[in-house]
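The sequence and structure come first.

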Amino acid sequence: TSQTAPNAGTDQTICNNTTNMNAPVPTNGTGTWTLVSGTGNIVSVNSPTSLITNLSLGANTFVWNTSYQSSCPGMSDTVVITVISGPTIANAGVDMSVCGPTATLSGSNPSTGTGTWTQTTGTGTIVTPNNATCVVNGLSTGANVFVWTISNGICPSTSDTVIITSVAPVTVANAGVDFHVCATTATLSANTPSSGAGTWTVPVGTSVVTSINNPASGVTALVTGNNVFIWTISNGVCPDSKDTIIITVDVPPSSANAGADVSSAENQVTLTGNNPAIGTGTWYNLGSVGNLLNPTNNICTFQVNDGGSYFLVWMISNGTCPASSDTVRVTIGLSDVPEIITPNGDGNNDVFEIPSLKNQGKVSLKIFNRWGAEVYNNPNYQHDFNGTSSDGKELVEDNYLYMIQLNGENKYQGYFVIKRK
């Protein structure tokens, strides 16, 4: 009988140091395993499916020899068992929180095998998925789960998971517009954040924010001058956004004093208000006639062409506090013009005499009856009108209008009565 050619089985690639041979049982003769190269412990040297242990990495070559009769030459076949390493244990890195839609993945760099990033939860674009350290864009807000898997041939892969929590950037803080109050309390008015949470702080001073997380919180214990408040919006790992508002507490102004009422025959008077220790003063004319030459000075000049009574207000204000004001009455005209003359020759009130105009310059006098007719005109009046018209006629007892002009400038007018009994 002829000897059957031996068959050592198919070559193997394995991921550990132990395997079984897969040679077929010889139809005649006896088979024997021998190690040609590499390492390996042949447990049953004559078994075609012997267990092999302690294989080394790489190629390990074995020969399956068969013999039939001593007179027949031996025959053999070779099989190669290649041992490859299992992949490096994967480490996807530490879970992290980032501000915004971009992060950097930091997995372990494999010494054996090839790594690949995949995503299982959330959104994101992995720029270089086979790099242990790579950028991921387009993260969704919240948890995004990524898996770092290391593979090497037929060996079981290893994997690890990392969670990247994307936090939305904070809303830009707006603490509101600086303002003034005339009180020790006020109300803040910051923006309400759509991303993050706001908090009021007082960097300096003793002011109290009644509700520190309320953008429209009240504040108390304000002090005179500037009170500073900071509105900070925070959201996890994102940079804070801050804005500052200054609330200025104004002091009530000094009490206004416009001075005593003034009477003058001249068409110009000097107003004398008090000089405010607190605040700023301004003169105001309650009427539409007359001019204030320097209305922001407490010592102010008032000019008017016509006689009469005028009311001027000295007002002191300071910021938002209620203004303080006082009024002075200015009478422009002649205080000693007679309201009645009795030209009956008894020596009392017989003439229209104005003592204050004597020795003041040139005085002109015109007198009109109740119908507006001029009955007397003297351009150089000597205080001697005795109820007689310019043409020498005795005027009837009645009411008359006088018009006086001093030195061609100042004008005064009013009414008087002629009565002889």
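The model is predicted: local features need pLDDT of at least 70, side-chain atom pairs count only at pLDDT 80 or more, and totals for chains, interfaces and linings use all residues. Residues are numbered from 1 along each chain as its sequence is written, and side-chain values use heavy atoms, with hydrogens and water left out.

**Disulfides**

A disulfide is taken as a pair of cysteine sulfur atoms within 2.5 Å. By this rule there are three disulfides.

| Pair | S to S | Torsion about S-S |
|---|---|---|
| Cys-15 and Cys-155 | 1.6 Å | about 115° |
| Cys-99 and Cys-238 | 2.0 Å | about 105° |
| Cys-182 and Cys-321 | 1.9 Å | 100° |

The link of Cys-15 and Cys-155 is right-handed. Cys-15 lies in the loop between β1 (12-14) and β2 (19-20) and Cys-155 in strand β14 (residues 155-167), so this pair ties together parts 140 residues apart in sequence. Strands are DSSP runs (E, at least two residues), numbered from the N terminus.

The disulfide of Cys-99 and Cys-238 is right-handed. The pair links distant parts of the chain, with Cys-99 in strand β8 (residues 96-99) and Cys-238 in strand β21 (residues 238-249), 139 residues apart.

The bond of Cys-182 and Cys-321 is right-handed as well. Cys-182 is in the loop between β15 (179-181) and β16 (186-187), and Cys-321 is in strand β28 (residues 321-332), so the parts joined are 139 residues apart in sequence.

Accessibility is classed as buried under 20% relative accessible area, exposed over 50%, and partly exposed in between (1.4 Å probe, protein chains only). Cys-15 is partly exposed at 23%, whereas Cys-155 is buried at 5%. Cys-99 is partly exposed at 30%, and Cys-238 is buried at 4%. Cys-182 is partly exposed at 30%, and Cys-321 is buried at 5%.

In sequence order of the bonded cysteines, the pairing is 1-3, 2-5, 4-6. Cys-134 is in no disulfide, and the nearest cysteine sulfur, that of Cys-99, is 20 Å away. Cys-134 is buried at 3%.

Thr-201 stands opposite Ile-230 in β20.

**Arg-420**

Arg-420 lies in the segment after β33 (410-418) and is buried at 15% relative accessible area. Beyond its neighbours within four places in sequence, Arg-420 contacts (heavy atoms within 4.5 Å) residues including Pro-343, Glu-394 and Glu-397.

Note on methods: Helices (H or I, at least four residues) and strands (E, at least two) are DSSP runs, numbered from the N terminus. Two strands pair if DSSP finds at least two bridges between them.
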